[in-house]
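Here is a structure to walk through step by step. Keep the sequence beside you and find each residue as it comes up.

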Amino acid sequence: MKKTFDCIVCPMSCHLEVTKQKDDIQVRGNSCLKGAAFARQEMIEPMRMLTTTIRIEHAIYPLLPVITSRNVPKAKLFAIMEACKHVCVSAPVHVNDVIVKNIADSGADLLASRSMERRI
Amino acid sequence: MKQVDMIIIGGGSAGMSAAIAAKEAGIDNILILERKEELGGILQQCIHNGFGLQTFHEELSGPMYAQRFIDQIHAYRIPYRLCSDVVWIDERLRVQYVNAEEGYVWVQAKTILLACGCYERNRGAISIPGKRLPGVYTAGSAQRFLNLENILVGKNIFILGSGDIGLIMARRMTLEGANVLGVAEIMPYSNGLNRNIVQCLKDFAIPLYLSHTIVDIQGDFHVERVVIAQVDEHRNILPKTQKSFAVDTLLLSIGLLPEMSLADHLDMEMDSKSKGAKVNAHYETSIPHIYACGNALHVHDIVDFVSMEAHEAALCAVQDIKGQYHRQKQFSTQAGSGISYVLPHSVDAQPSQNITLCVRSIRPYKQVMINIRTGDRIIKTITKRYLLPSEMERIILKPSDIGILEESLIVEVKES
């Protein structure tokens, strides 16, 4: 199997060519080790951070920004978004508070991205 | 009239960083004036991550980055006013602001720091043809609606301009269930970071149309359709290249401009390229004791640099307050070949402190050198593997690098 990616590790934007034969992964076109690691991970399972919002009551805005505690599989992004729709918290909230553990079975916790005081 | 040592206009990333720096340098009589209902500025709506790599060596979200500064402001008990619009500043360093509780208030400052950020270019700035219909938003407005106020402005979206805010919004609206049909960019290369092209467009199979622009906006009572066409290297529209998209919303991500309208009536020297004020290496504008920093001075691509610049600017203003700032003969800085602008606009003839030069290239380069010279004397040479217009370059010059200047400082790109 052969795939090409644009490296996103730094602005050099190396054009990476990855070939996979059984468990052996070869990377070409990279200028650094970080690029090779990125290409390998993209080949096995692309991982991304997810940031979104959930409902919050009694705060300055109706939404609380949230972030996953670590990279999650790209294929799970929409499942996590769906899970977030059903979450509602009440202020006060403190930055880095765990809002949902292991959200949508992604292996990552959903964290509060800021503090919000109780307003009403 | 209330007397204040330092008035900081804007409580965003620049204003908060400046206030913290001033406080740590021993200035207590500070006042931050913030127009919105909370501190943090634009970071509060930038919920994506990638902030803070330079400052904290972590990838934080915008609100997380802001939170660290807000907590520090509170810990230091630095005074600030929210929902307070500054309506007037003058050469005598008087500031007038207005809010619902105090009404109109005059304050006499010793120094004023302009940290009021930037605003988005809108439809009028690029004269898009077509009907004046509802459904056209700047990307940042749509971002505020979605991330703070829970309003998704449309279901079928087209985006003009490949700036980072547009790309981030393409992903954000897709995740929230909207259908983003494409992004058009008039230049032959993207204006956004490559990681955003990959993570925001390619991940969701959103097409990027380079060398394309919008030629028509159609509909009866609301946007129903946008038409794009390809352009040649002189930005002339090529015939028979039109593509039509059925959308209800057009987002514009076509650049940012420093918000300097408070200085409109002042005789302040402005830079036609950066669109901000001209400053010396102390971040002082052409009006003594008025300083500028952050996006109000020139638009940054990384918030960490905004914080660093504001920190430096505040320390310069602190020297001014303490009577330790001795104005010297100035020599101008000049953007040589390959460079679009250089900041600061002038430097002391014999600098006593490090000088941070901020430069942007005119076009993308690979494997080049940046030379800083005065006359024939090369002061510093830096080799760069890449140079992009979308990524500002920061070059630090030591007093020993510069020595004594006898003519202007020129920054130029040399291709090897």
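The paragraphs below go from single residues in the loops to the contact between the chains.

This is a predicted model: local features need pLDDT of at least 70, side-chain atom pairs count only at pLDDT 80 or more, and totals for chains, interfaces and linings use all residues. Residues are numbered from 1 along each chain as its sequence is written, while chains are lettered from A and ligands numbered from 1 in the order in which they are written.

Start with chain A. Find the loop between β8 (88-90) and β9 (98-100), where Pro92(A) sits. Helices (H or I, at least four residues) and strands (E, at least two) are DSSP runs, numbered from the N terminus. The peptide bond from Ala91(A) to Pro92(A) is cis, and its omega is near 10 degrees.

A residue is buried if 20 or more other C-beta atoms lie within 10 Å of its own, exposed if 12 or fewer, and partly exposed in between; C-beta atoms are placed from the backbone. Asn96(A) has 15 other C-beta atoms within 10 Å, so it is partly exposed.

Now go to Arg70(A), in the loop between β6 (63-68) and β7 (72-73) of chain A. Arg70(A) is exposed because 12 other C-beta atoms lie within 10 Å. From Arg70(A) to Ser31(A) is 39 residues in sequence and 26 Å in space, C-alpha to C-alpha.

Chain B comes next. Look for His57(B) in the loop between β3 (49-51) and β4 (60-61). His57(B) is not a glycine, yet it has a positive phi of about 55 degrees. His57(B) counts as exposed because it has 7 C-beta neighbours inside 10 Å. Further along, Leu343(B) and Pro344(B) are joined by a cis peptide bond, with omega about -5 degrees. Pro344(B) lies in the loop between β21 (339-343) and β22 (346-348).

Finally, see where the chains meet. The contact takes 23 residues from chain A and 24 residues from chain B. Two residues are in contact if their C-beta atoms, placed from the backbone, lie within 7 Å. On the side of chain A that touches chain B, β5 (51-57), β6 and α2 (77-85) each supply at least two residues. The residues of this side divide into 13 nonpolar, six polar and four charged. Ala, Val, Leu, Ile, Met, Phe, Trp, Tyr, Cys and Pro count as nonpolar, Asp, Glu, Lys and Arg as charged, and the others, Gly among them, as polar.
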